[in-house]
Amino acid sequence: MVQVITGEKGAGKTKKLISLANEMVSNSKGHIVYISNNSEHMFDLNSHIRLVDSSQFPISSIDSFIGFVFGIISEDYDIETIFIDNVNNIFKDNFEQIEHFIKTLKFAEEKYGINFILGIRAPKDKEFNVEVEYLAV
């Protein structure tokens with residue numbers, strides 16, 4: 001399942017993602033990965049969650065980020081959920097690219113059974129042209 005949390009800057013998207021990730025740890029049968037463009041919240045996440053700071057890697061396009069995510073998936077067959085925070089920073093607020101990325105994640109979700117939960121800075125009523133489940137902040 002691809003789930004999206006939208007809201008304006010400061011609405012609490014990151015706090016919600018961290019809270020969801022920490023709640024999932026106790027019931028998870030697989031691994032949980034949290035991708036962000038910084039390591040600012042490293043100590044807020046349960047130590048069983050793998051934090052990946054994407055700013056430490058040479059990601060310069062949508063294709064390189066897709067390859068980055070699939071590289072994480074290929075490295076660990078036991079991933080249950082991947083959280084991706086600050087999606088706008090990765091895609092420079094390009095909503096067409098974000099929608100393309102979500103479609104690619106839906107493929108990964110269907111093929112590998114991985115849940116994806118994204119934090120996207122956008123108006124709360126923003127709807128994407130791809131089927132996702134919207135979560136409240």
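## Model and confidence

This is a predicted model, in which local features need pLDDT of at least 70, side-chain atom pairs count only at pLDDT 80 or more, and totals for chains, interfaces and linings use all residues. Residues are numbered from 1 along each chain as its sequence is written, and side-chain values use heavy atoms, without hydrogens and water.

Mean pLDDT (the predictor's confidence in each residue, from 0 to 100) is 92 for the protein, with 100% of residues at 70 or more. Confidence is lowest in helix α3 (residues 87–91), with a mean of 86, and highest in strand β4 (residues 79–84), at 97. Helices (H or I, at least four residues) and strands (E, at least two) are DSSP runs, numbered from the N terminus.

## Packing of α2 and α4

Helix α2 (residues 62–75) and helix α4 (residues 95–112) have axes that come within 11 Å and cross at roughly 20°. Axes are lines fitted to C-alpha atoms, for helices over the stretch in contact, with angles from 0 to 180 degrees between N-to-C directions. The two helices are therefore roughly parallel to each other (angles under 35 degrees).

Contact (heavy atoms within 4.5 Å) involves I62, F65, I66, V69, F70 and I73 of α2, and Q97, H100, F101, T104, L105, F107, A108 and Y112 of α4.

## Local features

F65 and F68 both lie in helix α2, three residues apart, about one turn of the helix.

N86, in the loop between β4 and α3, has phi near 60°, a positive value in a residue other than glycine.

Notes:
Angles under 35 degrees count as roughly parallel, over 145 as roughly antiparallel, 65 to 115 as roughly perpendicular and the rest as oblique.
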